[in-house]
Amino acid sequence: MNSNPHTDVRLSCPSTARRQFLGFLAAGVGTVAMPGVVRAAANEEVRIALLGAGGRGGQIASAIGKTPGAKLVMVADPDQGRAEKLAAKYNAKAVSDLRTALDSDDVDAVAITTCNHWHCLAAVWAIEAGKDVYVEKPLSHSQWEGRQVVAAAQKHGRIVQLGTQQRSDPIQMQARQFLHDDKALGAIQYVQANRLGPRGSIGRRDTPLSPPQGLDYNLWLGPAADQPIFRNNLHYDWHWDWNTGNGEMGNWGVHILDDVRNVAYRDAVSTPSRLICGGGRIGWDDAGDTPNVHFALFETETIPTIIALSNLPAKPGAKGAWKAKGQMQMDAPGSGYAVVCEGGTYLGQRGQGNAYDADGKHIRKFKADVDTVPAHMKNFVDAVRSRDADSLAAPIENGHYSTGWCNLANVAFRASGAFNAEQLTRVSDLPQWQAIVGDMTAPLAAFGADTGDLLSSPVLEHDPATERFTGEHADLANQFLRREYRPGFEIKPIA
């Protein structure tokens, strides 16, 4: 509940008048010109609708419940039973169609925790309905649709935050200062990001999966194509289907690559200008089509970044993940990154960081006692109440760029052909990249596979300004920059 003494006054006002009042703020009235209005807005309780009642939805609902000045008032999910179960915990209203929340005068903002394929459309619809938006990562399936969210937020003056909650961890800025202002480890040479976390097969059915009883499947699909599903479970495993998910690159990779953009690049680089990748889906023979082994080299105008991703254990039946150390002195976290410098290495991961000198001696630990999900939600709610988009920890355009690294790596994989190790390694004289190609391919034999079961991309040139591929292989890659949307669920260009 809102502890503000003016709450009862606000509740006595008609909801339509309140929306006109908040819309007036969003229309561009500055905080200097209207100081009284801004003070009143800061006293408002932000009423939030949660769009998506899955596992992540439950976590975000909990964060809203812990945030002063916020109240969860509605839960929308195409599975009415899931919506009702979660809504009951917070005395909120349960609905099946998210458009009900967007049309409601009793909702000021939405938190989008739908399947990935809904993120952009739900965000655009919400923004156009006058709502502020907290949207989970990854923002998009493609840079084109992500750009429409950014454009909509700018056009309508809404507060829009991406759910990369590590941006609300103070150690990120401490690490930035340590590496760049203090220059404690010298010049950065390259970065390696890892997501080496085992998962299991999602199975392969002989007949298409029937949607669960009580689910409005048309709403669940939304903008995605209506295709038969041959995996065992509808929920969560949609991550590993290009139609609805972004693979592990978009699931975990966006967190780690966002850290890299933040700490190593200080957000000075939007997206890479050149990339190449290899990978495949091996060892499972299941219905998934996203890679469970994926490695890429991103080149920018400053330093290169490598990402090594695997969902396989070190060997069949083992619990440990692959290691991808290459020629690094330090073994980077399995879910984290290494900033390799002339005078040492910084190792970052969720909730902590560690710095080592050139001899491998530990010289500093970075740690803060912060529960980042509630902290990130509080940052969003505070920005909604103040109408100060500059106070966001993860403003939507920045999140669009971090998602973009993952989108581009996925495009490179989808544009790949027969595996060509020589083409992969000759593209760069960075010894670590050549070593990582070896590290990522060496364990294949244990899974009854070899490099012939992998794919690799050509070198792709990318223009960060236009967000399109250029050069020799542009047509091969650009076809994946925008999807076909089902009628009634189209994302339309924002003027």
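Helix H14 is mostly covered, with 17 of its 19 residues buried. Buried means under 20% relative accessible area, exposed means over 50%, and partly exposed lies in between, with a 1.4 Å probe and protein chains only. Helices (H or I, at least four residues) and strands (E, at least two) are DSSP runs, numbered from the N terminus. This is a predicted model: local features need pLDDT of at least 70, side-chain atom pairs count only at pLDDT 80 or more, and totals for chains, interfaces and linings use all residues. Residues are numbered from 1 along each chain as its sequence is written, and side-chain values use heavy atoms, leaving out hydrogens and water.

H14 covers residues 396-414. Its first and last C-alpha atoms are 26 Å apart, close to the expected 27 Å. That expected span is 1.5 Å times one less than the number of residues. The helix is kinked by about 25 degrees, with the centre on Gly 404. The bend at a residue is the angle between axes fitted to the seven residues ending there and the seven starting there.

H14 lies across strands E5 and E6 and runs at about 30 degrees to E6. Axes are lines fitted to C-alpha atoms, for helices over the stretch in contact, and angles run from 0 to 180 degrees between N-to-C directions. Contact means heavy atoms within 4.5 Å.

Now the sheet under discussion. Six strands form an open sheet in the order E3-E2-E1-E4-E5-E6, with parallel pairing. Strands E3 (93-95) and E6 (160-162) are at the edges with a single partner strand each, so one side of each has no neighbour in the sheet. From one strand to the next, the twist averages 20 degrees. Two strands pair if DSSP finds at least two bridges between them. E5 (residues 132-135) and E6 pair in the parallel sense over three bridges. Val 133 stands opposite Val 160 in E6.

Next, the packing. In soluble globular proteins, nonpolar side chains tend to be buried together. A nonpolar core is a set of buried Ala, Val, Leu, Ile, Met, Phe, Trp, Tyr and Cys residues joined through side-chain atoms within 4.5 Å. The largest such core has 45 residues, and those touching the most other members include Leu 257, Phe 298 and Tyr 337. H14 supplies the largest share of this core, seven residues. Beyond its neighbours within four places in sequence, Leu 257 is in contact with residues including Phe 298, Trp 405 and Cys 406. A second, separate core of 40 residues includes Val 135, Leu 139, Ala 153 and Ile 396.

Thr 164 sits in the loop between E6 and helix H9 (171-181). Thr 164 counts as buried because its relative accessibility is 0%. Lys 137 is joined to Pro 138 by a cis peptide bond, with omega near -15 degrees. Pro 138 lies in the loop between E5 and helix H8 (143-156).

Two backbone angles remain. Asn 91 is not a glycine, yet has a positive phi of about 55 degrees. Its loop runs between helix H5 (80-89) and E3. At 72% relative accessibility, Asn 91 counts as exposed. Glu 467, also not a glycine, has a positive phi of about 60 degrees. Glu 467 is in the loop between strands E17 (460-463) and E18 (468-470). At 10% relative accessibility, Glu 467 counts as buried.
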